[in-house]
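Reader: Please take a close look at the surroundings of the ligand, and keep it plain.

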Amino acid sequence: MKPAPFTYYDPHTLDEALGLLAVHGDAAKILAGGQSLVPLLNMRLAAPDVIVDINRLPDLDFVTTDNGLRVGALARQAMVERDAAVRDVAPLVTEAIAWVGHRQIRNRGTLVGSLAHADPAAEMPLVFLALDGELHLRRTSGSRRVSAGDFFVHIMTTALDPEEIATEASLPPVPPGSGSAFLEVARRHGDFAVAAIAVVVTIEAGRIRRARVALGGVGPTPLRATRAEERLVDEEPTNELFVEAALAASHDCEPVTDIHGTAEYRRELVRTMVYRGLGRAVVRARTGAAG
Amino acid sequence: MATELRVVGTPARKVDAAKLVTGYGTFTDDFFLPGMLHAKILTSPHAHARITRIDTSRAADHPGVHAAISHHDVARIPYTSAGQSWPEPSPYDQYILDSKVRFVGDYVAVVAAETPEAAEDALGLIDVEYEVLPPVLDMHDSMRPGAPVIHDEPESHGMYDAERNVAAHIEVEVGAVADGVTEADTVVSEDYFVQYQQHTCLEPHVTIAWLDEDGRLVLRTSTQIPYHCRRMVAFALDIPVRDVHVIKPRVGGGFGNKQEVVTEPLAAVLAIKTRRPVKLEYTRRDEFTIARMRHPQHLTMTVGARRDGSITATHMKVLTNTGPYGTHALTVTGNTGSKPLPLYRSPNIRFEADIVYTNLPISGAFRGYGAPQGFFALESAIDEMALALGSDPLEFRRANHIRKGDTDPVSAALAEGSAKKPRVMRSNGLPECLERGSEAIGWTAKRRGGMPLRPNEGPLVRGLGMCCLMQGSGVAGDELAAASIKMNEDASFTLMLGSADIGTGSDTTLAQIAAEVLGVPLEKILVRSGDTDHVTFDYGAYASSTAYITGQSVLKAAEDARRQIVSVAGQMLQEDAEALLVADERVSSSSGKTVTLQEIVMECLYGEEKTLISGRGTHATKESPPPFVAMFVEVEVDIEMGTIRPIHLVTAIDIGKALNPAICEGQVEGAVTQSLGYALTEEIVLSPEGRVLNPTFMDYKILCAADMPKLTTILVEDPEPTGPFGAKSVAEVAINGPAPAIANAVHDAVGIRLRHLPMTPDKVLEALGRL
Ligand SMILES: Cc1cc2nc3c(=O)[nH]c(=O)nc-3n(C[C@H](O)[C@H](O)[C@H](O)COP(=O)(O)OP(=O)(O)OC[C@H]3O[C@@H](n4cnc5c(N)ncnc54)[C@H](O)[C@@H]3O)c2cc1C
């Protein structure tokens, strides 16, 4: 099918774009890489009156790594994936982004678009949650920053107001002694996750000082497994600890049964993946290896 | 005939390659006629209902709409959509449009309008009232006393027992299975469940219908069966066959889904009604909901054997879900038994099946045609039997498989009292397939043995599995093909074929046969195929028949033309025609005299004794020699995540003669790809109301390139004396394999038996007791 009719704008400045959004409000949709929006339009699951194409906006296709990671709204997923400096400052992003769709999708899809689209099984929201990321939102009357924890509200629903554009997503620098891991099970290469996990641990003096365990595909948004995190903090990283934390993580979520997997299977996957992820992350933290 | 082959046996480039890679419009839809209308179908939201009232007048008045029709507007003629030889063995239980709907998606009404959008919008203006009936949504309920009767209308006929929802029933026995079970020292008996699978042809069903300047109906359509289609559409519309002209352009995949007349009758009715060209094209969603699927089955497989390893009993019992219509009902399930059961020598074989109606999606023909289901059960059970007897599954199969010279006992039993003839194995390269295939996978070195996992093993565990397979080459006794060849002024030849190349490469393979016989390079053969006004009759592309059956007709036609050429050359050279040799575009005598084909054709057309070179060949046979496969697979099971990763799949296949090895390998690789999905990921998910929940490529999981294991294809050639240049079929047989081979490999790795397809991770964890 083809989309229902809409009016198309391709503003050349951010102000112009924000002005259009201020006028059209929730009758408008922003078009970035189009890899989620265009299928929705073609299947007529979305039928906005207005499309605001932000691809002509200047200065938004950046990836910087001098203080943490900053990714502009027009930086394609492939750009982030191939950037060697990203691997150094945020290896979890590099590890996870290869799981986003297929290469063709990543050549057009934007990282910020993934966050704005907020599919509960998508990889980037999960990673930004695990790494305490932030979204930079702009509107005609000003700007604000929203933490990933507050940004993801429900299935494909975020803290974005209709008149706002997310101009950038950023991650703070990772403390020394940190290691991370990303694991996913999908039915096929390139599919959205049946379940995915991201873990980050920071080790000081032989103990876990900080832990982030984030779960994807097992709730309406990516989730923090807080009980698992609490179990880990201030402990020595041992196999028994990982077993317990993984079990806790599997009870920190309420997965549902759908056509791609049962709730029980997803819970079991979470347990297995968190267990494996913790093992990997700790090794990486100790060796300083990428990840 | 020259013994050294020059064209046959080479990986020649496909005759239609250039237009495909340059994107030149060759498919049904790459065609536009002025004034063409677009048709859209209104489908049923209910699994089972009677249409108590339908009014299409508001839709008909919608701007741009030229026709909006319901069952009130078409004659009530029961027919079957199954494209088979006449009289079709499938029940006549379908109507172009009916007053009853029998599954979610059944045709209710159809609209033709100037744009697809106008047609779509008009569908919403059709007023329908339904009397909703209780549905049958599980095949196990179909025959229960008191179950709703799906075909209660008096006009339908050909069903085995309509009252009990039984479309077809089969029972055949060789020896006495009960005695065989008693004699056995070990008996393996298990239930297997297989699901709906969709063909996912890249090109959906599409038909453009119009009336030509003589008022004849023309159907440009994506079909495997141009001639059956012509006959069946004429029948369903009650018009003379001569008034129907079917054109099959390049087809973007068929796999059995287009061995059905699905879009043609509706498009035809609309073209006749509007006097305008009408295009009816399925969407991808339509393909996943209202086209056809592989039949789901519940199989019970029992094998008995003596301690010495000899099989005493083989018993397969099948319950098949044909959906609301019995298209290919009898014959597909017939194959479920008749293709696998002869594979292992057994004095007592029994096959029984009920093929039942449900209010679920329509099952139909699908590459393998019932055999993949049967082989999953048989080859799983044989593996279990081998292990139960303490023998190696490879050795057990080696000891028991059917031999060259054996008669297929199942075909013999089925042939009793009919005009058919039992199959005799005149060629059988299975021993070589087993040898070379097991070597390529590393069978002896890598078998794990299905032992319990040791504490330090895992989470990734590898295992090897295998299976043997056979199929046929055409429907024994039910095939007819013809070819004709004419020589052109530049000493090229036009080869006219009724057969349907649907992407298989048959136009190329058949042209290679002609080129070989006529002593010309492949470029000198122009193929014209699949047009009922211009080429000879053919049953069509199904049952792995084309290379074997049509191939023989091409061979005969080419030999006929060659005889004529040689006879003219004999006069020109003043030599005995019998002793002349045709090669390299010339005819030569042993004494060194020679004349070119160019000189010969000019002599024929413009010389003293004018004549036309034109060869004709017809072929029908009661033979259907099986190609054989030994398939081996290595898998890696993640015992915590439940995932199965196929690593290496080896197909060693005996096809008699590889007429074009590249095409043969392509057929094998395509078949195993499709059935790896069947084994691991592909299934139609239905709601409790019988609605398809995953009608998109996003949610229906066919494997993509990155999911594929390494594929090794080994072509084995044990010449088949009844085939052209020794060839038998290649197209289907390999599709029967991956599911049982993988199930056996999973057992080898982690000791569990998966008997329910697809083998999804949750089933693996469940079987491992981890869920
Ligand atoms: C076949 C296929 C497979 C895929 N598989 C995966 C997968 O495995 N994992 C995964 O995560 N994704 C997957 N995707 C989705 C892909 O990653 C998308 O690119 C991504 O989700 C959205 O990015 P985009 O730039 O294409 O956004 P668009 O499609 O242009 O927009 C998506 C949504 O975000 C909004 N939006 C976009 N940019 C902004 C902005 N700067 N400010 C405010 N709102 C904005 C749009 O209005 C729209 O609602 C897949 C897509 C396809 C087609």
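Author: Helix α7(A) gives the most to the shell around the ligand, with 5 residues. Helices (H or I, at least four residues) and strands (E, at least two) are DSSP runs, numbered from the N terminus. The model is predicted, so local features need pLDDT of at least 70 and side-chain atom pairs count only at pLDDT 80 or more, while totals for chains, interfaces and linings use all residues. Residues are numbered from 1 along each chain as its sequence is written, chains are lettered from A and ligands numbered from 1 in the order in which they are written, and side-chain values use heavy atoms, with hydrogens and water left out.

The shell has 31 residues, and A:Ile30, A:Gly34, A:Leu37, A:Thr110 and A:Glu123 come nearest to the ligand; a residue is near a molecule if one of its heavy atoms lies within 4 Å of it. By class, the shell holds 16 nonpolar, 12 polar and 3 charged residues. Here Ala, Val, Leu, Ile, Met, Phe, Trp, Tyr, Cys and Pro count as nonpolar, Asp, Glu, Lys and Arg as charged, and the others, Gly among them, as polar.

Polar contacts are pairs of N or O atoms within 3.5 Å; within protein, one must be able to donate a hydrogen and the other to accept it, and residues adjacent in sequence count only if both atoms are side-chain atoms. A polar backbone atom of A:Gly33 lies 2.8 Å from an oxygen atom of the ligand. For A:Gly190, a polar backbone atom is 3.5 Å from an oxygen atom of the ligand. The ligand exposes 960 Å² when taken alone, and the protein buries 92% of that; accessible areas come from the Shrake-Rupley method with a 1.4 Å probe, and for residues only the protein chains shown count as cover. In chain A, β2 (28–31), α7 (111–117) and β10 (165–171) are the elements that give two or more residues to the shell.

Some backbone details of chain B follow. B:Gly458 and B:Pro459 are joined by a cis peptide bond with omega of about 5°, and B:Pro459 sits in the loop between α13 (443–446) and β18 (460–470). Another cis bond runs from B:Leu757 to B:Pro758, with omega near -10°. B:Pro758 is in the loop between α18 (738–750) and α19 (761–767) of chain B.
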